[in-house]
Amino acid sequence: MKPTDTSNPDYFHKVVDCQWACPAHTNVPEYIRLIAQGRNADAYMLNRDSNVFPGILGRVCDRPCEPACRRGRIEDKPVAICRLKRVAADLSEDIRDRLPRAPAKANGKKIALIGAGCASLTVANDLLPLGYEVVIYEKLGETGGLMRSNIPRFRLPPAVLDTEINAIIDMGAELRLNSPVESMKSLLDEGYDAIFVGSGAPHGKNLELPGRYDTDRIHIGIAWLESVAFEHVDSIGETVLIIGGGNTAMDCCRSSLRLGGKDVKVMARKPRNLLKASDWELEDAEEEQVEILLNHSPEEFVIDKGKLVGMKFARVEWHDDGSGRLKAKTLDHIVLPCDDVILAIGQENAFPWIERDIGLEFDQWDVPVVDEVTYQSARPGIFFGGDSAFGPKNIIWAVEHGHQAAISMHKYCHSQSMTDRLPYGVNLASTKMSIHEWSYSNDFDPAERRLMPHVSLQERFKKLDIEVELGFTFDQTVTEVERCLNCDIQTVFSTKLCIECDACIDICPVDCLTITHNGEEVDLRGRLRAPAENLEQDLYVSEGLPQTGRVMVKDENLCVHCGLCAERCPTAAWDMQKSDLVIPYASDEPVCPTKRKAG
Amino acid sequence: MSFIRKPNIAYKGQRTNALGLSMRDYEGGMSTLCAGCGHDSITSALVQAFFELDIEPHRVAKLSGIGCSSKTPAYFLSTAHGINTVHGRMPAVATGANAAARDLYYIGVSGDGDSLSIGLGQFAHAMRRNLHMLYLIENNGVYGLTKGQFSASADLGTKAKKGEVNEQPPIDPVKAALAFGGSFVARAFSGDKDQLLPLLKAGLKHKGFAMIDVLSPCVTFNDHEDSTKSYAHTRQFYHPAVHTDFIPPAEAITINYAEGDVVTVELHDGSKLVLCKVQPSYDPHDRAAALSYLEKSEAKGEIVTGLLYIDENRSTMHAVNNSAVKPLREIPYEDLNPGAAKLVELQSRYR
Ligand SMILES: Cc1cc2nc3c(=O)[nH]c(=O)nc-3n(C[C@H](O)[C@H](O)[C@H](O)COP(=O)(O)OP(=O)(O)OC[C@H]3O[C@@H](n4cnc5c(N)ncnc54)[C@H](O)[C@@H]3O)c2cc1C
Ligand SMILES: Cc1ncc(C[n+]2csc(CCOP(=O)(O)OP(=O)(O)O)c2C)c(N)n1
Ligand code: SF4
Ligand code: SF4
Ligand code: SF4
Ligand SMILES: [Mg+2]
């Protein structure tokens, strides 16, 4: 193999599995260390730089970082990254005076954001401090998008939403509530310098089966959740069937329990391992005695004398059809009684308010064509982000889209090339303090993952808005922070210093280092001290070593960043260096000062 | 040394042996040697050898004298038996222990100072007796523990860290072992585990005294430029004469030795050593030839390594003394101690 090029910022970034997996590249290990030091406000601000909504995300983030976390490869459970984020948010001191502010002088550019969801709010967050005049159009009477209208209050209290959303609006956005944009054409006529569409994917999918329109007790999940959130609905029948196996289904079943549902079942077509809902959402629903029935394919709504009385399902078995696709085979049929059915089978984008003759392109599914780097549509000056861009995802993706769209809009408004963007960078600094002393807690802590304490089952159903998760206790936090392996403290190797004494190889507790003769990757992976079987994780390969010409190889997969290799190295050929990923935001993009009219 | 213990991480996919133990179960306490010391590398090779041979740690007795090298038994097999004896006196204690409990694996770890200076006499007699043990000399040419004075293995002309020149000829433990009757004589290098590991396994399975002189650089006092025991010097003049593969009993020889110059030696437990001669004329059964080969190579400055001599048929101490087949602890007390009357009877024979 060729010597590894560690000057490419991606190399060390990838070692920080959580940060690499986070769509917004939140600097997880650094914020965990800050929490460990009791610097919660600093941890909050560091989070806010990349993910904008630490208090919200610390509760409801989809947490793609956690399945990626290295700790989950060493043992079973990853670091409770998301729970720790909430600790930072809950315990942070007042940070209002540390928030970015709009400059005294505007920059003369005016932009419109459609929707007050997390995507639009991120654009506002990034562009208000640069002097933009920002107008937000929101169809509903409240901000927050699905975060407020769909994510139930027992998971995400409105006060948390208010704090973090107001932090942005208060920078000086002009918020127009109850103001749906009904025509893109007429918005264009208002002369904005750029427009951002953050209108989400507001359509819940329907299920066209016999009986669908013979009753009013069949509800579309996301519309029903919105009615609950805005208190238009405050009850449901005792027996409820939820159709679908995703996170929306979990919110619907748990909300039903709080509105009078006694026997609530989630009916999923697929087997457990193929359900879209996150593991923790499934577990939380099951803790509340929701029954999750698998392999039930809905066939018919059973109506008796104009009243919904049940639903008929085919019980199925899944087989590989030979081409890797699963095919269902019906075993038998079953009718389950119910008072209400909630359909939670997905969402779609819908843009009835965008005219088709104004230069925007729509693809075969009637979804606008959006560039994956610039987030610009086919019509210059109109940008998309969040669920409206590439279909429903989650909050953290919407935030990242917002950051990227903000960079593009900033460049667009200053007539600069949007593809010519600042690259990611990485700074490295040694953590060596003195002999045997490193500036991070490098000793491996074998503690197991802490479990989130919940409000008791007797208490939590008494009101709709009792937050179920209580947050980590002090002791839990103290233990959990030490589980983080500090993956950003990189093992950096200087080939010319190595005397091939094997000290690092012998001391490595996870056998990830080897000195051997070079070879092709497949061959090399098999010849290491512990075979490198995780192909998603890179091998670091040094240049030829001074004494024998062999190479130092490190399998990045299991390194626990304990620093023992560096401690044991007599020549300091290994050093533990903190890598700091430099993420460019709109405010980092150099744009020429805008010419302003005198007077 | 490091200040944090190597943490015990049972990571997924970790290897286990036939006893269900991981390599970590063969480790010992945290090493207090200097970072980069060759001795630590040998320790790690020992851990691997015991692990791969599926030896139960409590079936092992570790013995040593005094020196940095002699400290190392504390760093492997923490659940084995062990004793850290007086300087240079480990062979005597090993002899006694072996006489009493002959069913254990004996491993002695010594240094060039411990074995070739103060302990030369004891070292010689253990070989003469063909004591059944593996004996390692972790050879760095200096007294590491007492801050780097030349030892008896320091080469003529080699320089100490502060520049003084050694003017006395060295004692080569390999030549000494050949002369004193060692039945398994090898040299290896802490920086080449591919060679060291099979030699350790072979030495543990050899019946009789297995002496391995392991060159083991002292990074602190003897790894400088004009030293002949540094990592760089050893690598430059490193000259493997015989490559050894260790094949456990019941396992077939699968490696294809093309060179032709291959000798297979079967050990008493059925395991096999495949000796592949890098130096075609070399015969590891011929003691005289081995000695003369070593003399010639030494003149050229070559550091000859490998299994240089083996004799599986020499009688061990127990055979010569016709001692009991069972370890003493398994012999009933009445048989071990037949009583005062028997003693008087025995003594009367010598009156
Ligand atoms: C039930 C449910 C639970 C979820 N749970 C989670 C979770 O736990 N974690 C997670 O990360 N994600 C979750 N998601 C997904 C997440 O909510 C969305 O991915 C995210 O909110 C998308 O943000 P957005 O800004 O793109 O759009 P939205 O949040 O949908 O905001 C769009 C806004 O635009 C407004 N709007 C639409 N059309 C117009 C118009 N023409 N004019 C003016 N305003 C308009 C809407 O009223 C809305 O306020 C969940 C989704 C659902 C449905
Ligand atoms: C009877 C006695 N004499 C002298 C000493 C001092 N002493 C301690 S270690 C040592 C030499 C050790 O050298 P070596 O065996 O080569 O071990 P190394 O430290 O080099 O591994 C000496 C002379 C001693 N401990 N006991
Ligand atoms: S151990 Fe810490 S730094 Fe490493 S992936 Fe997990 S959270 Fe991130
Ligand atoms: S920091 Fe060094 S010793 Fe520790 S696990 Fe990583 S490579 Fe191994
Ligand atoms: S002094 Fe030399 S022999 Fe002793 S521990 Fe240090 S490096 Fe090893
Ligand atoms: Mg010595």
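# Notebook: helices, a sheet and some single residues

**Entry 1: two helices in chain A.** I looked up helix H13 (residues 221-229) of chain A and helix H14 (residues 247-258) of chain A, and found that their axes come within 10 Å and cross at roughly 40°. H13(A) is therefore oblique to H14(A). I noted the cut-offs: angles under 35 degrees count as roughly parallel, over 145 as roughly antiparallel, 65 to 115 as roughly perpendicular, and the rest as oblique. The crossing of H13(A) and H14(A) is left-handed. Left-handed means that the near helix is turned anticlockwise from the far one by less than a right angle, and right-handed that it is turned clockwise.

Which residues make the contact? From H13(A) I listed Gly221(A), Ile222(A), Trp224(A) and Leu225(A). From H14(A) I listed Thr248(A), Asp251(A), Cys252(A), Ser255(A) and Ser256(A). Contact means heavy atoms within 4.5 Å. By type, the residues of this contact are four nonpolar, four polar and one charged. Here Ala, Val, Leu, Ile, Met, Phe, Trp, Tyr, Cys and Pro count as nonpolar, Asp, Glu, Lys and Arg as charged, and the others, Gly among them, as polar.

**Entry 2: ground rules.** This is a predicted model, where local features need pLDDT of at least 70, side-chain atom pairs count only at pLDDT 80 or more, and totals for chains, interfaces and linings use all residues. Residues are numbered from 1 along each chain as its sequence is written, chains are lettered from A and ligands numbered from 1 in the order in which they are written, and side-chain values use heavy atoms, with hydrogens and water left out.

I also wrote down how elements are named: helices (H or I, at least four residues) and strands (E, at least two) are DSSP runs, numbered from the N terminus. Axes are lines fitted to C-alpha atoms, for helices over the stretch in contact, and angles run from 0 to 180 degrees between N-to-C directions.

**Entry 3: the sheet in chain A.** I traced an open sheet of five strands in chain A, in the order E6-E13-E7-E8-E9, with parallel pairing. Two strands pair if DSSP finds at least two bridges between them. The edge strands are E6 and strand E9 (291-293) of chain A, each pairing on one side only. The twist averages 20° from one strand to the next.

Then I followed strand E13 (residues 340-343) of chain A. Asp340(A) and Ile342(A) point one way from E13(A), Val341(A) and Leu343(A) point the other way, and all are buried. Buried means under 20% relative accessible area, exposed over 50%, and partly exposed in between (1.4 Å probe, protein chains only).

How many bridges join strand E6 (residues 218-220) of chain A to E13(A)? I found three, and the strands run parallel. Ile218(A) stands opposite Val341(A). Strand E7 (residues 239-243) of chain A pairs with E13(A) over four bridges, also in the parallel sense. Val341(A) is the bridge partner of Leu241(A), and Leu343(A) is that of Ile243(A).

H13(A) came up again here. It lies across E6 and E13 of chain A and runs at about 90° to E6(A).

**Entry 4: two loop residues in chain A.** Lys305(A) is not a glycine, yet it has a positive phi of about 50°. I found Lys305(A) in the loop between strand E10 (296-304) and strand E11 (307-320) of chain A. Tyr375(A) is not a glycine either, and its positive phi is about 65°. Tyr375(A) sits in the loop between strand E14 (347-348) and strand E15 (382-384) of chain A. Are they buried or exposed? Lys305(A) is exposed, at a relative accessible area of 79%. Tyr375(A) is buried, at 6%.

**Entry 5: chain B.** I moved on to helix H1 (residues 38-52) of chain B, where Thr43(B) lies. Thr43(B) is buried, with a relative accessible area of 6%. Leaving aside neighbours within four places in sequence, Thr43(B) is in contact with Thr72(B), Tyr75(B) and Phe76(B). Thr43(B) and Gly28(B) are 15 residues apart in sequence and 9.4 Å apart in space, C-alpha to C-alpha.

The axes of H1(B) and helix H7 (residues 193-205) of chain B come within 9 Å and cross at roughly 55°. H1(B) is therefore oblique to H7(B). This crossing is right-handed. The residues of the contact divide into nine nonpolar, three polar and three charged.
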